[in-house]
Amino acid sequence: MAASIFTDDATVTFGYVPPARTSSIVIASPAAIASIGAAPVSIAALQTEPLLPGAGLPTLPELTPARAPVEIDKELPAVAPMAMTPIKASAASAMVVVDPQPSEAMAYDNPASNPDRMADSISERPQGIESLRDAIIEALRANPEIQIALARQDDARYGVHEAWSGYLPKVDMQVALGGELMVPSTGDQTMLRRAEGVVTLNQNIWDFGTTINDIKRARATYRSAQWGTRERIEAISYEISAAYLTMLERTKLIALTESEIAATQKILDMVVIQEDLGLTSSADVSRAKARFQVLQAELIDRRSALAQAEEAYRRLTLHLPGKVVDLPSTNGKLPTNQEDAVALIDTQSPRYAQAKEDRRSLERQKASQTGTFLPKVGVMAQGNWRDDVSGPTGLNRDVRAMVTLSYSFFNGGRDIAVRNRISARLREADYELDRRRREVEQDLRIDFNSLAFAREKIATIESEIVAAEKTADVYRQQFRESRRSVFDLLDSQQILHAARARQYSNQIALQLAEFRVLQKLGGLFDLLSSGEPLPNIVAQSPQQTRSKLD
């Protein structure tokens with residue numbers, strides 16, 4: 001009987017039904033119970049499966065200080081993920097109960113024992129592994145903020161084409177036809193049908209930097225829009241990743257609690273048998289039952305927490321998740337320390353880079369405005385066709401080509417006022433750039449402090465688990481020899497269970513801190529998508545969709 005308490009040869013069920021009291025069990029002494037033995041059995045760690053492959057976002061720079069400046073329009077190299085190391089569970093969490101009957105409450109909570117709930121769950125929940133990358137992409141397509149950012153990005157891109165038009169010739173044509181009344185001071189009055197046409201070509205030759213600065217300003221605006229879109233994509237990727245990791249943590253805690261319930265129920269079964277034989281008191285049975293009921297309540301709480309996490313994930317992705325697995329490791333993808341991370345802000349932080357490009361755009365705008373104080377040199381070619389213009393002159397044609405110089409001497413001070421406005425915006429942009437850099441640097445330092453404490457805490461928890469496992473093993477052996485009470489055995493298991501729960505929670509906290517660092521440096525989506533480029537996520541606007549339906 002004692003051997004069944006510590007073996008892994010039965011299914012895990014919940015609830016407690018005391019075994020039938022019969023006179024067919026004959027055990028000579030307590031030593032006979034202990035002599036049967038109790039060897040702990042280990043279970044496999046939670047399985048980790050890789051994310052499904054797919055396309056992803058344009059890759060970002062490698063996390064190294066030697067980088068090209070942010071103003072250069074280049075796609076950046078991928079950040080390849082690594083599989084997360086599974087967390088090993090020890091023997092104490094692997095104990096399984098021997099064939100007790102589940103309670104009604106727990107049977108209802110189990111979809112397999114409730115056909116209606118199981119059908120609903122199957123119909124709503126995707127089957128297979130939940131691909132975080134695919135979920136993020138679909139969330140981006142459905143997110144209005146991303147679609148607004150993409151529309152602004154297209155607007156800025158066409159602004160570059162508009163600025164380039166300053167280098168190209170401009171051709172205009174005008175045709176007119178109508179009546180003309182001539183009343184000369186001498187001679188007869190005439191009423192004729194007048195017809196004329198003019199074709200004019202203008203080509204800019206030199207404008208003292210106005211056009212080239214307009215082009216540079218438009219390029220900086222476009223890059224700012226790109227970095228703004230990237231910043232929002234990174235923020236959404238982190239929000240969904242945090243919800244995904246929360247579900248993963250709570251799933252692992254549920255599995256841990258289920259294994260602890262199974263082990264506790266085995267102890268409870270044995271204590272009940274010992275009470276029947278007069279080898280223990282009712283206090284031991286009550287203590288084991290109380291611990292068992294506490295674990296059942298804890299399991300219900302954790303299932304409720306998982307359901308809340310799944311709803312939070314559905315709010316972000318618009319669907320319930322499938323099976324959650326460990327996410328790629330950030331090993332080798334993070335800067336080694338705070339100072340290296342801070343050094344990467346200038347080249348890799350989307351938030352800082354956007355402000356930097358906004359300031360560069362204002363610089364180019366001011367330089368372009370300065371060109372309005374200088375003359376412009378160009379070429380004009382014009383052809384005229386006139387029939388009975390200014391009297392009965394018949395058909396006249398002429399063509400001319402000229403070098404032109406235009407110079408605005410005075411326009412009421414408008415040009416000076418515009419330049420002063422741009423100077424004020426530049427001063428504002430300087431402070432905005434400094435503010436954003438301080439914010440990003442502060443966030444990175446906080447995240448690295450969290451990383452350091454989480455890593456230190458992991459080492460402490462691992463030592464605690466090792467010590468708790470040894471204590472539980474010793475107590476189990478001493479319990480077989482009747483040298484330890486059920487109180488000691490349950491307490492040792494509770495300590496081990498709590499340590500493993502803290503280990504899971506701390507590992508998730510550590511990974512979230514690492515993801516925050518990558519988000520600040522613009523590399524989180526690349527990690528989650530395995531460096532795959534982002535597919536087209538531009539969606540039709542609601543107005544376009546309604547127009548098609550109409």
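Visitor: What percentage of the 550 residues in the protein chain is buried?

Guide: The model is predicted, with local features needing pLDDT of at least 70 and side-chain atom pairs pLDDT 80 or more, while totals for chains, interfaces and linings use all residues. Residues are numbered from 1 along each chain as its sequence is written, and side-chain values use heavy atoms, without hydrogens and water. Buried denotes under 20% relative accessible area, against over 50% for exposed and partly exposed in between (1.4 Å probe, protein chains only). Of the 550 residues in the protein chain, the buried share is 42%.

Visitor: How many helices and how many strands does the protein chain have?

Guide: Helices (H or I, at least four residues) and strands (E, at least two) are DSSP runs, numbered from the N terminus. The protein chain has four strands, and its helices number 15.

Visitor: Why is one side of β1 and of β4 left without a neighbour in the sheet?

Guide: Two strands pair if DSSP finds at least two bridges between them. The open sheet has four strands, antiparallel in pairing, in the order β1-β2-β3-β4. β1 (170–182) and β4 (395–406) each have a single partner strand, so one side of each lacks a neighbour, the reason being their place at the edges.

Visitor: Are α6 and α7 roughly parallel or roughly antiparallel to each other?

Guide: Axes are lines fitted to C-alpha atoms, for helices over the stretch in contact, with angles from 0 to 180 degrees between N-to-C directions. The axes of helix α6 (residues 144–164) and helix α7 (residues 210–276) come within 8 Å and cross at roughly 165 degrees. Angles under 35 degrees count as roughly parallel, over 145 as roughly antiparallel, 65 to 115 as roughly perpendicular and the rest as oblique. The relation of α6 to α7 is therefore roughly antiparallel.

Visitor: How many charged residues does the contact of α12 with α13 have?

Guide: Helix α12 (residues 414–480) packs against helix α13 (residues 486–520) at an angle of about 160 degrees, their axes 8 Å apart. Ala, Val, Leu, Ile, Met, Phe, Trp, Tyr, Cys and Pro count as nonpolar, Asp, Glu, Lys and Arg as charged, and the others, Gly among them, as polar. Beside 19 nonpolar and six polar residues, the contact of α12 with α13 has charged residues numbering 14.
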